[in-house]
Structure formats: structure tokens, C-alpha cells
Amino acid sequence: MAEQKRDYYEVLGVAKNATEQEIKTAYKKMAIKYHPDRQGDKSEAEKKEAEAKFKEAAEAYDVLHDPQKRQRYDQFGFAGVGGASGGYQNMSMDDIFSQFGDIFGDLFGGAGGFNPFGSGFGGGFGSGFGGGARKAQHRGGDLRLKVRLTLKECATGVTKKFKVKKKITCNHCHGSGTEHGSGDTQTCPTCHGSGYVLRQTRSMFGMMQTQSPCPDCGGEGTIIKNKCHLCGGTGVTTGEEVIEVNIPAGVQDGMVVNVPGKGDAAIHNGIPGDIQVFVEVEQDKNFVRQGNDLIHNLLIDIVTATLGGSVEVPTLDGAVKVKIDPGTQPGKVLRLRGKGLPALKGYGYGMGDLIVNVSVYIPESLSRDERETFERMRGSDNLRPNVSAKTNFFNRFKQMFE
């Protein structure tokens, strides 16, 4: 089973409302950490793991640093950026450096390639990272919903409303978690307000220093002395909210529409989660969807096929009349331009077509007069298929297996 891809924001360790500079800084850290030149004498397994993480970070940055790609990813997930097929993992490191040299050049300076230890960092591992550790910022959980759409709704777009049970900001403390406001908090005595603690351990390489969130304040730098009686100090309670979801025209079955900031509220006024709405398109009695095109099987009677005429064909906007030429053969395809579905914004332009496959109904029973009519025509040479008709029929038959 293929390994499930990680969310790009999770890969870079940034919030979904992260600025472009925060995304760039986070990627800079990961590129330095996992660059092949920094793996030294590690085992082959560790080097392969570092290479995979380097590629994963490059793929995440490629999407999140581009405003259009990021918008499509935020709304539709991996499907919005080409399904996230994992192409980066299948590329060599040299290919990544050459194909995406503009990314590395923008981050690390210089047109001569990617050099994580050169002057592009303005002095190595110092101010390039912004210095110090940031206090923890909590994030609410994501929620998942499913919506069933008709083809008509897919064609026009639609707004759906959901009543969602979720975590909401406490209306008594307004998310602070305190009973009476800022006076109920104090600086954490363990980390002295920094939100993190440093630990030193001895190893074969000497003293090693590690930094981690403070275990007493959870990385916030403050401790609540008098907790809110309603939420118990978390800043969130359970409630309901009516959420409006705008489904754009052109969506397809299996797509995911993301609604930023409408998921669970985060503790202590952190960043709220998102809602992912999974799209399920109902089967239609008249049409089969193929991309932006619609396919309709039209069954006409043998007289209309022989003599010609006009028939009604259903479309998403109502029935239209279509001309049937005399001598229309079963399997003939008619194309009604612009009667399909619109292209999803960002995935192309214009409308798809309605493709009409013509079939001819052969009656299973006849009246006496009808049978006599057909018997009189039985001997007519004009009703027998000629060589051209046989060839055309055989060619259509072969296409079914190609």
C-alpha cells in the first residue's frame, strides 16, 4: 500500500495562515537539515530518509510559495495541484536542483546552483532563522463533511448550508481560558515566559543542547491561575454553527472543497481548523460524465433512422431538438457544442460538449399490416447493406476494442 501523503503545511511545520516569509524560513531550515551534503557519515538508511524528507519539503514549498497553487491546494487539497502524484520522490536530486533551481536560488542566493553552506545565508546559521523559538500557537482540529450534488448543481455551482457540532470559542472568557481576564495569568516559572526549555546531555561528540516546548505551560509562556468556570481554562466549549459552503461550478466526484477557519476552535485563541467537504456526485438518469463532457444514449425508431426527422435530446438546461439525417446508422455520434459542464476555475476554460450516441430501436413485435409492409420490402436491393456500409460497421466494431 502506498504511503499516505502528509499535508504540506504539516511538512513545513507552519500554520495554514503562515506568511510567505514564514513558509520560506521554514523551508530554509528543512533544506539545510536534510541536504545530502549535511548527512556526512550517516548510514545509508538515514541518508535515504533524509533525501525523502528533502524532496518532500521541496514539493511542499513548490506549492505553498506560489499563491495560485496554494489557493487551489487550500480549496481542493492534493487534487487541486494535480493529485500530488509524488513526482518529486521519483526525481533524482540533480533533477530537482536543475528543474527547480529558481526556488533554491531565490532562497539561498546565487545563480550557480544550490549551496546550503555558502554566502547565500549571510553568515551561516544565525539570523537567517529569525533567532530564538516562538511561543506555541495552538491549532484547532479539522472537520470532514460530505455533500451530494446533482449534475445540474455541478454545472452551476451551489451554496450548501450545514449545521455543524464543533468546538467553539468560549463566550464567557472569549477564548482566554481565564475567569477574569489577563489578571488571572502569570509568567511560567519553569521557562520564564519563553515557552521552551533547554536541556543538555552528554554524548560521544560532547555536550548536546536540545530545545523543546515547556512541559508546564505547553509552550505558551504563561500559566492560568484562575481558570474559566465554563471551559475549564481551555478557552473552548462544545457548540453548533451553521456553515455555508460555496461549491464552485465544475467540481467532480471525489474532489474536496476546503473551507479555511471553519473547523474546531483552538484553545486559547489559537488558529481554528478547517472543514474539508468531500464531493459526491449523484448518478444521472440521462447522462454519463466524462471530464467536462456529458454522454447521452439516444434511442430512435427505425422509421426516423431511415427517413430522417427531428427528435428531442435532454440537456442540463432543458430539452433541445436535434435533426436526424435520413439513413442514420446505429452508432452515429452527434456532438452538441457547449452543452456539457464548465471547466473548474483554474483547470481550463470554456464548456464541455454533450455527446449523443445514436441507437436504433428494432421492434420486437409487429402488427399484421406492419409485418406485411416489411415483407414487401424484404426483397429490395436498396435495403441490403452495401460494401461501404459493411466496412463502416466493421470499423466501428473494431474501435470498441481499441
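With a relative accessible area of 6%, Y73 is buried, where buried stands for under 20% relative accessible area, exposed for over 50% and partly exposed for values in between, computed with a 1.4 Å probe on protein chains only. Y73 belongs to helix α4; helices here are DSSP runs of H or I with at least four residues, strands are runs of E with at least two, and both are numbered from the N terminus. The structure is a predicted model, in which local features need pLDDT of at least 70 and side-chain atom pairs count only at pLDDT 80 or more, while totals for chains, interfaces and linings use all residues. Residues are numbered from 1 along each chain as its sequence is written, and side-chain values use heavy atoms, with hydrogens and water left out.

When residues up to four places away in sequence are not counted, Y73 touches D7, Y8, Y9, V63, L64, F78 and V81, contact being defined as heavy atoms within 4.5 Å. The C-alpha atom of Y73 is also separated by 8.5 Å from that of N258, a residue 185 positions apart from Y73 along the chain.

## Helix α3 against helix α4

The axis of α3 and that of helix α4 (residues 67-76) come within 6 Å and cross at roughly 100°, the axes being lines fitted to C-alpha atoms, for helices over the stretch in contact, with angles from 0 to 180 degrees between N-to-C directions. That makes α3 roughly perpendicular to α4, on a scale that counts angles under 35 degrees as roughly parallel, over 145 as roughly antiparallel, 65 to 115 as roughly perpendicular and the rest as oblique.

In this contact, D62, V63 and L64 of α3 meet K69, R70 and Y73 of α4. By class, the residues of the contact of α3 with α4 divide into 3 nonpolar, no polar and 3 charged, where Ala, Val, Leu, Ile, Met, Phe, Trp, Tyr, Cys and Pro count as nonpolar, Asp, Glu, Lys and Arg as charged, and the others, Gly among them, as polar.

## Helix α2 against helix α3

Helix α2 (residues 20-34) packs with helix α3 (residues 44-64) at an angle of about 160°, and their axes are 9 Å apart. That makes α2 roughly antiparallel to α3. The residues that meet are I23, K24, Y27, M30, A31 and Y34 from α2, and A50, K53, F54, A57, A58, Y61 and L64 from α3. The contact of α2 with α3 has 11 nonpolar, no polar and 2 charged residues.

Y27, found in helix α2, counts as buried at 1% relative accessibility. The C-alpha atoms of Y27 and A60 are separated by 8.6 Å, with the two residues 33 apart along the chain.

Leaving aside neighbours within four places in sequence, V245 is in contact with V158, T159, K160, F162, V257, V259 and V277.

L145 is found in strand β1 (residues 143-149).

## Two loop histidines with positive phi

Most residues other than glycine have a negative phi, and most peptide bonds are trans. H192, a residue other than glycine, has a positive phi near 60° and is found in the loop between β3 (185-187) and β4 (196-203). This residue, H192, is exposed, with a relative accessible area of 65%.

H268 is not a glycine either, yet has a positive phi of about 55°, and lies in the loop between β8 (256-259) and β9 (275-281). With a relative accessible area of 25%, H268 is partly exposed.

## The protein as a whole

The protein contains 10 helices and 15 strands, and 35% of its 402 residues count as buried. Among contacts between residues at least 6 apart in sequence, 66% join residues at least 24 apart.
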